[in-house]
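Let's take a friendly walk through this structure together. Keep the sequence and the coordinates at hand as you read.

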Amino acid sequence: MLPSINIELKHDSDGLQIMLLNGEDVSDDIRLPAISVYASDVSAIPEVRQFLLGAQRELAMRSSVIMDGRDIGTVVLPDARLKIFLTATAEERAGRRFAELTEKGTKTTFEEVLKDLNYRDMNDSARTLAPLKPAPDAIILDTTGNTLDLSFELLSGIISECFNI
């Protein structure tokens, strides 16, 4: 199926990012708990990793991007000028994801979200192919306890300093 897959990143009229899969907007779907778990399992398949690696690098070459993912700084864009390894405790991240899902009307519990997140963390950290880990030259930013505004301010400061803006 990989040769028939077309992944595109676009922006709507408000500037919000839209992820398209074969022309279909899957932006909300890719954030669902079940999809997140499946993504961890499927991403361990070497052929899938290779396909995604090419697609992600092509996207980065076509435009200036801020890209997030569990192996962006170590595998996808190891020569990126700036790498930030953004982290928080599992409970903090699960709380944020639970609030996001609840706001969108997805029925779940904090415990389910935390269980899925811990499963994905374990799975992604233990895989031999492109494991979850910070790049040696990454700036590690722990946002545990931060508001979104504070985290954004800290990230903006790091980016401004790196790019002299």
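At 47% relative accessibility, Asn 22 counts as partly exposed, because that label covers relative accessible areas between the two cut-offs: buried means under 20% and exposed over 50%, computed with a 1.4 Å probe on protein chains only. Before going further, please note that this is a predicted model, in which local features need pLDDT of at least 70 and side-chain atom pairs count only at pLDDT 80 or more, while totals for chains, interfaces and linings use all residues. Residues are numbered from 1 along each chain as its sequence is written, and side-chain values use heavy atoms, with hydrogens and water left out.

Asn 22 sits in the loop between β2 (17–21) and β3 (24–25). Element names like these come from DSSP runs, numbered from the N terminus: helices are H or I runs of at least four residues, and strands are E runs of at least two. The backbone of Asn 22 deserves a look, as its phi is near 50 degrees, a positive value in a residue other than glycine. For context, most residues other than glycine have a negative phi. Asn 164 is another such residue: it is not a glycine, yet it has a positive phi of about 50 degrees. You will find Asn 164 in the segment after α6 (148–163), where its relative accessible area of 67% makes it exposed.

Now to the helices. How do α1 and α5 pack? Their angle is about 10 degrees and their axes are 9 Å apart, which means that α1 is roughly parallel to α5. Here the axes are lines fitted to C-alpha atoms, for helices over the stretch in contact, and angles run from 0 to 180 degrees between N-to-C directions. Angles under 35 degrees count as roughly parallel, over 145 as roughly antiparallel, 65 to 115 as roughly perpendicular, and the rest as oblique. On the α1 side, the contact is made by Pro 33, Ser 36, Val 37, Ser 40 and Asp 41, and on the α5 side by Asp 116, Tyr 119, Arg 120, Asn 123 and Asp 124. Contact here means heavy atoms within 4.5 Å. By class, three of these residues are nonpolar, three polar and four charged. In this scheme Ala, Val, Leu, Ile, Met, Phe, Trp, Tyr, Cys and Pro count as nonpolar, Asp, Glu, Lys and Arg as charged, and the others, Gly among them, as polar.

Also in helix α1 (residues 33–42) is Ala 34, which is partly exposed with a relative accessible area of 41%. Its C-alpha atom is separated by 22 Å from that of Asn 6, 28 residues apart along the chain.

Helix α5 has another partner, α4. These two pack at an angle of about 125 degrees with their axes 9 Å apart, and therefore α4 is oblique to α5. α4 passes α5 in a right-handed crossing. Among the residues making the contact are Ala 94, Phe 98 and Leu 101 of α4 and Phe 110, Val 113 and Leu 117 of α5. By class, the contact of α4 with α5 has eight nonpolar, two polar and four charged residues.

Past α5, Arg 127 lies in the loop between α5 and β5 (139–142). Is Arg 127 buried or exposed? With a relative accessible area of 11%, Arg 127 is buried. Its side chain is joined to that of Asp 124 by a polar contact of 3.1 Å. Not counting residues up to four places away in sequence, Arg 127 touches Ser 40, Ser 43 and Arg 49.

Note on methods. A crossing is left-handed if the near helix is turned anticlockwise from the far one by less than a right angle, and right-handed if clockwise. A polar contact is a pair of N or O atoms within 3.5 Å; within protein, one must be able to donate a hydrogen and the other to accept it, and residues adjacent in sequence count only if both atoms are side-chain atoms.
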